Every structure is written in C-alpha cells, then in structure tokens.
Amino acid sequence: MNDTLAKTEKRTAYILTLPAVFLVFAIVLFPIFANVWISFKEVELKDIRIPEPRAKKIVKSILGETTKIKILYKLRNSSLLQEIRDVTFQDKYPKNYQPKDLDKRCEFKKNKLNCKFGNWPAKYRENFEVIFETKDGSNVSKNEIKSIKPKLKGKSDNILLNTKFTLKNFKKVLFENEFIDLLLTTFYYTFFGTVGSIVFGILTAQMVNQKFFGRTFMRSVLLFPYVAPVVALAYTWELLLDPNSGTLNSLLINYQIIETPINLLGQKYIAVNILGFDFKLRLALTTVIIFEIWRYFPLAFLFILARLQAIPKELYEAADVDGASPFQKFFKITLPQITAVISILFMIRFIWNFNKFEDVFLLTGGASGTRTLPINVYQQGFAISDIGTGSAVSIVIVILLLLFMFFYFKLLGKRVDEN
Amino acid sequence: MKTKNIIIFSIISSFFLVSLISIWKILVTLQGIKLENFNFQTIFLLGFLVSLAHVIIGNKLNYILKLIIFSLIFIFIDGYLIQSMPIWYNIGVFLILYFFINKIKKFNNKILEEEHSTQIIIFDFLTLFGIVLFSFVILFPFYMMVVTSFKTQIALLVNPLDFSINFAQGFKDLFKSYFVIFKSYKFGKYILTSTIVSLGTVFITLVFAIPAAYAIARLNFFGKTFLSTSILIIYMFPAIVLVIPLYTVFSQLGLRNSIEGLLIVYTATTLPVAIYMLQGYFKSIPKELEEAAILDKLSWFGIITKIIIPLSIPAISSVALYVFMIAWNEFLFSLMF
C-alpha cells in the first residue's frame, strides 16, 4: 500500500514538473550546447535561412480558344547561395482537364501534375508553361484553377547540420579583435558597477533604516530606477548628457564650472589631474558605469535593508551601554551582520553585470571604449553578421563565468571554514 | 571640547545648507531664470552664522521668532546678492531654511557636550545629506522625462536649461507629443503588443510554474534537489548567450518575428524565478490541509486548484507582477526576434 502511494506520488511529481522542466531545458540549456556547435562552424547570418523551392502560378486565357488555358509557373530557388537537390512539384487540377504537349520532366496522373525538376543551383529561375484543355469541350474556369496552389519539395544542405568544423572563430576572437582590451573593459565595467551599486546600496539602506518623515515615500522612490524600463531611462540619460543640447553640460557651463561641453558618452579618454599626476580616465566607460550603479543600487538596497531590519536591537542597546560611537556601531555590528548578504549580492550582481547587454548598447552602442563582451556577441553576430564568431564569444563568456563561480565558491568555502 | 564641537557642528550643518540651497538653485535655473553663481562662500558663511547663533541663543528666544528672524536675514542678504528674483524663489529659500532650522533644533548645548557628539553630528548630517542628494539624483531623470514630454524638440535645443512648462498654450499644444505618437506612430498598436506579450507570459508562466513549484515543495521524487538547484543556476545564466542559437533555430522554424516566439522565450526565462519564489511560499502552507484533502479523495489537480491556489493568492500575485515587469521591460529578445 505504502509502496503504491510513493509510486503515485513520484508519478504525479513527474507529470507536474515535466512541462516546465522541458520548456526551460529546451530554451535555456539546449542553446548553450548549440552555441558550442555553432562556434566551431563558419556560419554567417545569411546562411541560416533554409533555401526553398518556390513557384508562382499565373493563369492566362488564350485568345479565341475558350476550351484551352495557358498556365505559367515562375519557378525559383529562394536562396542566393545554396543549391536545392531533387526538387519535386505537384499541382492538382479539376477533373475534366488534361494537358497538351507536356514537358518531359512531368507526367499527368489522376488529375495531378507531377514533375521532377532535378537540381536547382543557387539563384535558379525558370518560367515553366503548360497548356491545358478541357476533355469535354466546355469552357475553362480561371478562378477554379487559380485557387489551387502548387506544392514543391526539395533537399538542401543545412549548413548548421554538416560536420565541417573549424577553429577559425576562436582564433578570431582571441587574437584579432583586441581581446585583452575587451576583457579589461568588461572587467572594469563589471567590477566597478558591482562595487559601486553595493556601496550605494549600503549607504541608502543605512539611511532609510532610520526613522524620519517621508520614509515610506523615500523607500519607493529608491526603487524607481530599478523598475522603470531600461529603454526609457537610457534615452533620458542620453538627452541629459548630450554635449550640444544636454541639460547637464548647459548647467555646468552656466555655472562656469567648465568652458566647453564634454561629450560624456562619446569621448574615450579624458585627462584628469589628481594631486599633480596626470591620469587618462576612460570617460565614456565611467559614465556607463555610473548609469549602471544608478540603475542597480536599488537591488542591493532592498537586500541590505531587509537584512538590517532583521538585526536584533539588543546588539545596539548593548553597544550603547558600552558607550560605543555611531561609527563603531556601524563597523563593529552592522557591517559584520550584513557581510553574508553582501557576498551573495556581489556574486549575483557580478554575474548579471558581466552579462549586461542592454544598458551599454542603448547608451553608447559599444562605441568609444565601452565594448564589453556581450556587446561583442551582438556586433560579431548581427552587425558583422558572423554568427560563428558571435557564438565563440558567447562560449568565452560562459567559460569565464564558470571560472568566476568556481573560484568564488572556493574562496567563500575557505572563509566559512576559517570562521 | 565644547567650542570645538560647536564649530564642527556649525561647519557640517552649513555644508548641508549649502547643498540644499544649491539643489534649489539648480531647479530654479531650470525654470529659465538666469542664475550664474551659486555663491557658495556667502551661503556657507551665512549657514555657519545661523548654526552658531542657534546654539548660542539656545532656548532664550522663542523658536518661531528665531526661525523668522534667521530666515528674514538670510533671504535679505541672499536677495541682495542676486537681485531680481521672483517671489517664489524666496519662498523656496524660506521653506529650505524652515526645514534646516527644524533639523538643527535637536542640537542644543546638551547634545554637544555628550561623548561622541562629533560622530553623532557627522552621522546625522550624512544621513540627511544622503536623503536629499539621493532623492535629487534619482528623481531628476524622471522629472526630466515628464517635463520634456510637454516641450518641443526645438524649444529644448534652443535652451536646454528651460524646463518650464507653458500651461497657457492650451490643452492641445501641451499634449502635442502624446497626440503625435498615438496618431502618427501607431503607439497604441505597440502598447497592445507589449500588453499581449506581457500578460501572455504571466499567464503561461503561472500555468507551468504552479504545478512544478507544488511538486518541488511537497512531493518526494528522484532528482528533486537537482531540479531545485539547477533552477537557481539557470536563473543566473546570461540571456546574451542564448541569443544566437535561439535566433538561428527560430528563423529556421519560422518563429522569428512572431509573438509566439517571444512568448516561448519569455516564459522559459521567467519560469525558474517563478518556480523558486512560489515553492518557498507553498512550503509555508500547513501540510494538514492537503492530508485532509487526500483523505477526502481529492486528486492532485483538485488539491492545487482548491487548496493551494486560493491560499497563495498574495504570493501568486506578487510573482505575476514580477514576471509582468520582466516581460514588459525586456529589450534584448524583442530587439532580436
């Protein structure tokens, strides 16, 4: 009895989970393997479409002969690159029709016109004509013939399914496109974006955790950037930062802080003088990172605020009795209590920033030194339309992510052991 | 010790006042009023004197009287420096001073003599400063979004500093941009598509996620732990990595450029989070209810529809909201497909 109950439970569980698991695996896990496959192939965007044999049927009546009708098929290969093999053709006709002088490639049987056209090379075109007449001498009806569509079939090589592999894509990614610079940009973007959003998350959470008038309002305001659509935000920022008609530049010029407008999103480097040392700051990248921090610190804020509110009040009361200062309380109580949340946040944000595509794409399009790895996937795959290389970049992203996760968990595990 | 504290307090509080007034001045400038100098030094000095006077006078003077006197002196000097400002500018300054003096009210002789008073001052003013600054930095782009929608492109190009809205121009001119996008650019159609895709995603995700989450929360089966951990890992996986293979497969299947294709991808990418969030909630529903239902010979379908769903309406609605938000804001896949 117990056994059957466990069995039915198992069966029910599989029935319940299978649809979701299947869908997720098909859309998320399958592409990752497909990526590995594509990355070893030389595929371009235009190769993806499967070549199809197509026919356009045109019905023409013949002057003076009401019992005959001319039918013109405009045949073509849809692909400009690949041939189609063994093209077969079929078209149906009403019962009382029969062809006159049929082409050798075709035969007429049981009211059906069957043709074997053989191989069609790329860009193939042919006008194929048949004349039909009615068996009993009655008038033809054009519309009846027009309404039936011919069927065509053919075989073609699917470039994705053959077994020709090449290492060219990886060579291109690793040695040609300034890979080190790409990695560094991605790293700066990811690291500073993550750290910045966590620091601001801690600051704001600490702020909102205190009681003041308008606290609930403040809490919801802080979530605005996170919930608003990225397209709208990026557009507003572009408007704000525009060198010619942007509000920020006009404000700075108005207050005589700067003399000429700065193109915050379009300038790669800016010379900065700090304590007598000349630095070359990556300006556009910095702006993008600031946008990133602005948009994502609410997530850190939410996590940290939830943790802050769970810290027992007794800890602070005890500290008060011991005469601890506010800073001591922050560094000795609050910070140790939120390190666990921060380490999780760091991982999540690091991974997400590493993969972030939309923000950079919408702000700069990857220009002026903001080309990160995800942007490169898009540029290789769709702008240069080299799908294979784009896939290779995705594979590099996945490998780097797995490496990061591995070392992070190893490091985290060690720290936990030490404690 | 005490004098040192008073001076530190005055300096920090006047920094705070300077930042408040500066933000106000930026906002005023954006109303098309010519204002070319922040007068940092003067305001800093004034703020310093106000704070100092506040501590020295203490409770000897009535609070409201003190407030009015301080504000009037401040406004007079400020107005003398920058002439020809409209009245509402001075009202704003007055309100800022009211807020400021209200905030420094708590710092009297007593607190300034306490241990750690320097740190308390710094901490308090940092918090205040943070609140004001963060609200400004976060709300400013949204403010700009709203204002620019009521202005024409040319007006913005001519003077990017003029954010003032001309209410006198009549309803039709004011909402001109909105009329244009709906009439000339068929914005309604896009909104409809977005709505269909988002709501469809929410619906399909819930249909798939509720049974799966229930199974993971309640039933024992082989591969359960593997499933629940792989869900989290999949959630971490980058969308950009999926784009190329999905694009190739979808264009071969003819799913590209279709709402169905988007629905499939969105559902698959939101399912892991939805399952994760729901199973956490389902675990908190008392098991006894289901045991009673099993005794009454209710099938698993009945259990889910008659017990689990009615009891977890709050969780389901928050998951639905989250999924809706993801689908509504998604950009990458809708750009590609």
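**A walk through a sheet and a helix pair**

Let's start in chain A, where four strands form an open sheet in the order E5-E6-E3-E8, with antiparallel pairing. Strands here are DSSP runs (E, at least two residues), helices are runs of H or I with at least four residues, and both are numbered from the N terminus; two strands pair if DSSP finds at least two bridges between them. At the edges of the sheet sit strand E5 (106-109) and strand E8 (151-155) of chain A, each pairing on one side only. From one strand to the next, the twist averages 15 degrees.

Before going on, note that this is a predicted model: local features need pLDDT of at least 70, side-chain atom pairs count only at pLDDT 80 or more, and totals for chains, interfaces and linings use all residues. Residues are numbered from 1 along each chain as its sequence is written, while chains are lettered from A and ligands numbered from 1 in the order in which they are written.

Back in the sheet, strand E3 (residues 84-92) of chain A pairs with E8(A) in the antiparallel sense over four bridges. Phe89(A) has Leu152(A) in E8(A) as its bridge partner.

Chain B is divided into domain 1 (2-149) and domain 2 (187-336), with bounds from an automatic or database domain assignment. The C-alpha centres of these two domains of chain B lie 50 Å apart.

Now look at helix H1 (residues 2-29) and helix H6 (residues 117-149) of chain B: their axes come within 10 Å and cross at roughly 5 degrees. Axes are lines fitted to C-alpha atoms, for helices over the stretch in contact, and angles run from 0 to 180 degrees between N-to-C directions.
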